[in-house]
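Subject: Structure handover

Hi,

Here is the structure I promised to pass on. Please open it alongside this note.

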Amino acid sequence: MTDAEKDRFLLEQIRAGNKAACDDCVRRHADGIYRLALRLVRDPAEAEDVTQETFLNAFKAIDKFDGRSELRTWLYRIAYNAAMVRFRRKHPEMTSLDDPVGADEGLPVPQAMFDWSGLADKELERAELRAEMDRAIQELPEKLRVVFVLRELEELSTEETASTLGTTLETVKTRLHRARLWLRERLTRYFEEAGVTP
Amino acid sequence: MTHQDCRELLGDLSAFLDGEASAEVCAEIRRHMADCRKCRVVVDTLRKTVTLYHTVPQPEMPEETRERLYKVLDLSDFLRR
């Protein structure tokens, strides 16, 4: 059974009021929902609230879910919207998760040219680098961050990501590319400053 | 990266790495990379950046957060299953 087939089966069971199916659904999707929420609201307590809200609202509205998108996509969309509401409440000066500087304007032109691609695995497994990678994601403009998290970390397809965010495939592809270039630049500068030798 | 050709190819690099670029674009990028060290570095480090993020284990929700979630959803009986 594919993941999508499992989700369809789960959906029928949840609609029938099967609590074990609700448990399965939470087991399959709660970690991803929590991680997305944490990346967006940047606060563990708020991320927990978003996760709870997501499943409470999803189970309450399960009969209204038309099944046109996958269950996973639907849950991520609820979580994304819940995170946005909290974000707006905290930052009323901003109307959305969009950063004030246009995240879609042109491509970031690579400047850092240190070639770290041949570094030994042990250099790439250091806890310090992992922390830097995490900080780099957090510093991505929000529009790019949410696409990067959904596509690269949660491994949603381009279609699922576009459906979650209510945007086009082309926008998802462009933002993912911009996010990757941005992170490459950031990591390249990190390795350059660390003085590591390939 | 200032050369006009480099900038023109920049927009296609993710599609190139993901295997989604056309054969024509792939050939053009490879041809350009053979003569342009900067673009080789950008492509190699961009590929490595993507790979690195794919290999990092994703954190799970803290156990106490999971317990509270199950309680709110009235599913606590299933938690230790």
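My notes follow, starting with how to read the model.

This is a predicted model: local features need pLDDT of at least 70, side-chain atom pairs count only at pLDDT 80 or more, and totals for chains, interfaces and linings use all residues. Residues are numbered from 1 along each chain as its sequence is written, with chains lettered from A and ligands numbered from 1 in the order in which they are written.

Chain B first. It has five helices and zero strands (DSSP runs, H or I of at least four residues for helices, E of at least two for strands, numbered from the N terminus). Its radius of gyration, taken over C-alpha atoms, is 22 Å. A compact globule of 81 residues would be near 12 Å (rule: 2.2 Å times the number of residues to the power 0.38). The C-alpha box is roughly 65 × 20 × 20 Å along the principal axes. Buried residues make up 21% of the chain (buried: 20 or more other C-beta atoms within 10 Å of the residue's own, C-beta atoms being placed from the backbone).

Look at H4(B), residues 37–55. Its buried residues include B:Cys39, B:Val41 and B:Leu46. Their cover includes H9 of chain A, plus H1, H2 and H3 of chain B.

Now the interface. 34 residues of chain A are in contact with 30 of chain B (contact: C-beta atoms, placed from the backbone, within 7 Å). On the chain A side, H2(A) gives the largest share, nine residues.

Best wishes

Methods. Two residues are in contact if their C-beta atoms, placed from the backbone, lie within 7 Å. A residue is buried if 20 or more other C-beta atoms lie within 10 Å of its own, exposed if 12 or fewer, and partly exposed in between; C-beta atoms are placed from the backbone.
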